[in-house]
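Colleague: I would like to go through how to read a few features of a model. Please give the general idea, then the case at hand.

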Amino acid sequence: MGSMIKVVVDAMGGDNAPEAPIKGAVDALDEISNLSIVLAGRTDDINRELGKYTYDKERISIVHADDVIGFDEPPVMAIRKKKNSSIVTGMNLVKHGDADAFVSAGSTGAILVGGQFVVGRIKGVERSPLAPLIPTAKGPALLIDCGANVDAKASHLVQFAKMGSIYMKYVAGVKNPRVAIVNIGAEEEKGNALVKATYPLLKECTDINFIGSIEARDIPKGDADVIVCEAFVGNVILKLYEGLASTLMSKIKEGLMSTVRSKMGAVLIKPALKKTLKQFDTSEQGGAPLLGLNGLVVKAHGSSGSLEIKQAIKQCLQFGEEKINEKIKENLTIE
């Protein structure tokens with residue numbers, strides 16, 4: 001294993017806090033020997049939850065934070081006023097080099113604002129995109145951006161493509177990531193003004209494997225490894241993905257339980273079906289890193305359970321060990 005990686009976990013963030021963040025942190029600690037965890041939040045609540053587990057007390061610590069930023073609070077105001085919140089406290093540890101990464105299932109808006117203004121962007125990075133891994137038939141693909149920049153420019157999307165390509169190459173292990181831009185057709189002349197402005201710029205990039213446009217229906221097939229779009233489109237794709245997946249799983253279960261014969265068949269196919277469906281389980285992918293910052297910030301889904309938190313922490317290990325920020329600084333050509 002590599003050198004020790006320190007990850008701050010927002011113990012107060014998410015619908016299932018503090019139970020899910022703390023269990024996820026303890027589970028990650030059990031699996032990874034070169035990991036240390038800092039839990040940010042209310043000490044009494046954290047200690048009460050930690051009391052349920054056996055863990056290496058040398059590798060887990062608590063940083064007290066009184067405040068919690070709610071999902072319904074205005075993000076900029078909350079970051080400015082709640083300096084002692086678990087989100088701001090955790091991000092300050094990353095900013096000052098006291099931790100390598102921050103993981104939270106808390107307010108998306110607060111995490112985006114805090115990432116930009118507390119941790120700060122790498123010099124030359126115009127915007128920091130949220131970039132979740134989404135399941136496809138050929139393995140995970142990176143959707144970039146899914147929620148951070150709804151009014152992006154062409155130059156932003158070019159940087160997203162480059163950062164996404166670096167991430168997929170070194171974290172996901174894809175040798176020559178295929179980069180595509182989301183469009184309403186395969187032809188180069190199609191698309192809105194932003195896509196038409198971005199397409200020729202991506203074609204000129206010699207440091208990425210740009211394969212052209214990708215239509216939404218081809219994303220689940222795995223036709224691209226890095227899927228580039230502005231945040232409005234990306235968020236719609238992500239939410240449709242999540243909703244369709246849960247609906248399909250529900251209808252499959254309903255069908256299998258509908259008759260005695262189907263129930264008998266369900267027993268026979270259950271192991272194979274479970275293995276197949278697991279490949280499309282978004283909880284297995286962890287969280288969405290906010291790329292291009294001076295430190296790593298990972299946003300987990302607000303309804304995350306302990307598995308998602310554990311997977312998000314494991315992402316941080318790969319990110320740190322592969323020195324992704326250093327590679328972004330070295331390889332990102334500022335237009």
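Colleague: Is glutamine 315 buried or exposed?

Modeller: This is a predicted model, where local features need pLDDT of at least 70, side-chain atom pairs count only at pLDDT 80 or more, and totals for chains, interfaces and linings use all residues. Residues are numbered from 1 along each chain as its sequence is written, and side-chain values use heavy atoms, with hydrogens and water left out. Buried means under 20% relative accessible area, exposed over 50%, partly exposed in between (1.4 Å probe, protein chains only). Glutamine 315 has a relative accessible area of 6%, so this residue is buried.

Colleague: Which side chain does glutamine 315 join in a polar contact?

Modeller: A polar contact is a pair of N or O atoms within 3.5 Å; within protein, one must be able to donate a hydrogen and the other to accept it, and residues adjacent in sequence count only if both atoms are side-chain atoms. Here the partner is the side chain of tyrosine 167, at 3.2 Å.

Colleague: How many disulfides does a search of the whole structure find?

Modeller: A disulfide is a covalent bond between the sulfur atoms of two cysteines. The criterion is a pair of cysteine sulfur atoms within 2.5 Å. The search of the whole structure gives zero. For cysteine 146, the nearest cysteine sulfur belongs to cysteine 229, 8.3 Å away. Cysteine 146 is buried at 4% relative accessible area, and cysteine 229 is buried at 3%.
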